[in-house]
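I opened the notebook to log what I looked up, element by element. Here is the structure I worked from.

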Amino acid sequence: MESLRLIEQWPVPTAAAAVVRQDGTVAGTHGPTGRAFRLASVTKPLTAYAALVAYEEGVFELDDPAGPDGSTVRHLLAHASGLAFDEHRVMAAPGTRRLYSNAGFEVLGEHLAKAAGIPFAEYLRQAVLEPLGMTGTALAGAGSPAADGVSTVDDLVRFAAELQAPRLLHPSTLATATSVVFPGLKGVLPGYGHQNPNDWGLGYEIRAAKSPHWTGSLSSPATYGHFGQSGTFLWVDPAARAACVALTDRDFGEWAVPLWPRFTDAVLTELG
């Protein structure tokens, strides 16, 4: 795909990208797709997928208590537990605000590990990474389930294909995870300011009508995914019947704000 060549114009040392269609075929790649990059918060969709597998395996229920008083696994996945961004401090009652929270995903990882009886990183490997053949992906040691993943474009193509045609989850579970949970909640989308509403699923940010946003003007409201502060993103656009992954080794900043939407729009235009 010619549109993927736009990453050559990004002010980053290294970038790699790929597009995978809903049927699992790779529409195009560009850059070193086998190179490992820090994922930062693109770790969260992988963590969420592991949590959803755990739910289907009966490790816990989505409405089991977890986190602050009144919070559940569902609240933690949907950034609605009330926990602060990067500390285990309660800022709001569960279900009242969309407070994007690394701490919430760390509590989720601890809860899953305790319920499953194995470390979270090992559960992630066994439940998601190994079955999908994601051999270049890992959560290093006791790294944070919120932000310490490392992966390659090649591996995330496999994950993006799974998101479009799930084999590890029942389609209805994934449909719930990629639909708005606790609708109507206001909140701040990191890097893009206050959004009302700040729609989120179970571990997946939902584009809806957010503006500004890191996806494109042509992205459908149903688009979901995540971006990371390490200069990474993964989106799935059901209307386009495709997904896109881009990884870089330059932290997210002002450079990305105009370039990422322009890139996404070019990809969607080429996909037709």
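**Entry 1**

Is Arg158 buried, exposed or partly exposed? I looked this up in what is a predicted model. Arg158 is partly exposed, with a relative accessible area of 38%. Its partner in a salt bridge is Asp155, and the closest N and O atoms are 3.0 Å apart. Asp155 counts as buried, because its relative accessibility is 3% and the cut-off for buried is under 20%. I then placed the two in the chain. Both Arg158 and Asp155 belong to helix α5, three residues apart, about one turn of the helix. A helix has 3.6 residues a turn, so residues three or four places apart point the same way.

**Entry 2: the rest of α5**

α5 runs over residues 153–164, twelve residues in total. From first C-alpha to last, α5 reaches 16 Å, close to the 16 Å expected at 1.5 Å a residue. How many of its residues are buried? Ten of the twelve are, and I noted α5 as mostly covered. Among the buried ones are Val153, Leu156, Val157, Phe159 and Leu163. The charged residues Asp155 and Glu162 are also on that list.

**Entry 3: the cores**

Next I checked the nonpolar cores. The largest holds 57 residues. Which of them touch the most other members? I found Tyr49, Leu77, Val128, Leu156, Phe159 and Leu163. Helix α1 gives the most to this core, with eight residues. A second, separate core has 27 residues, including Ile7, Trp10, Val19 and Ala242.

Leaving out residues up to four places away in sequence, Leu156 touches Leu39, Val42, Met134, Ser151, Leu234, Val245 and Leu247.

**Entry 4: aromatic pairs**

I counted rings next. The structure holds 16 aromatic pairs. I looked up Trp10 with Trp255. Their ring centres are 6.0 Å apart, with 55 degrees between the planes, and the pair is tilted. Where do the two lie? Trp10 is in the segment before β1 (15–21), and Trp255 is in the loop between β11 (242–248) and α7 (256–271). The pair therefore ties together parts that are 245 residues apart in sequence. Trp10 is buried at 5% relative accessibility. Trp255 is buried too, with a relative accessible area of 9%.

I took a further pair, Tyr192 with Phe252. This pair is tilted as well, at 5.8 Å centre to centre and 45 degrees between the planes. Tyr192 sits in the loop between β6 (187–189) and β7 (193–195). Phe252 sits in the loop between β11 and α7, and the pair links parts of the chain 60 residues apart. Both Tyr192 and Phe252 are buried.

I then traced how ring pairs join up. Trp10, Tyr192, Trp214, Phe227, Phe233, Phe252, Trp255, Trp260 and Phe263 are linked into a cluster.

**Entry 5: helix α7**

Two members of that cluster, Trp260 and Phe263, are also among the buried residues of α7. I looked at this helix in turn. α7 has 16 residues and reaches 22 Å from its first C-alpha to its last, close to the 22 Å expected at 1.5 Å a residue. Other buried residues in α7 include Ala256, Leu259, Val267 and Leu268. What do the buried residues of α7 pack against? They pack against β1, β9 (224–228), β10 (232–237) and β11. Just after α7, Gly272 takes a positive phi of about 80 degrees.

**Entry 6: other charged contacts**

I returned to charges. The count comes to ten salt bridges. In one of them, Glu8 meets Arg5, with the closest N and O atoms 3.4 Å apart. Glu8 is exposed at a relative accessible area of 52%, and Arg5 is partly exposed at 40%. Glu2, Arg5 and Glu8 are linked in a network of salt bridges.

Asp63 and Arg74 form another, at 2.8 Å from N to O. Asp63 is in the loop between α1 (43–56) and α2 (73–77), while Arg74 is in helix α2, eleven residues apart.

Last, I checked charges over rings. Arg35 lies over the face of Phe37, at 4.9 Å from the ring centre. Lys44 lies over the face of Phe105, at 6.0 Å from the ring centre.

Methods:
Residues numbered from 1 in each chain as written. Predicted model: local features only at pLDDT ≥ 70, side-chain atom pairs only at ≥ 80, totals over all residues. Heavy atoms only, no water. Helix = DSSP H or I, 4+ residues; strand = E, 2+ residues; numbered from the N terminus. Expected span 1.5 Å × (residues − 1). Buried < 20%, exposed > 50% of the residue type's maximum accessible area, 1.4 Å probe, protein only. Phe/Tyr/Trp six-rings, centres within 6.5 Å; stacked < 30°, edge-to-face > 60°. Lys NZ or Arg CZ within 6 Å of the ring centre and 35° of its normal. Salt bridge = Lys/Arg side-chain N within 4 Å of Asp/Glu carboxyl O. Core = buried A, V, L, I, M, F, W, Y, C linked by side-chain atoms within 4.5 Å. Contact = heavy atoms within 4.5 Å.
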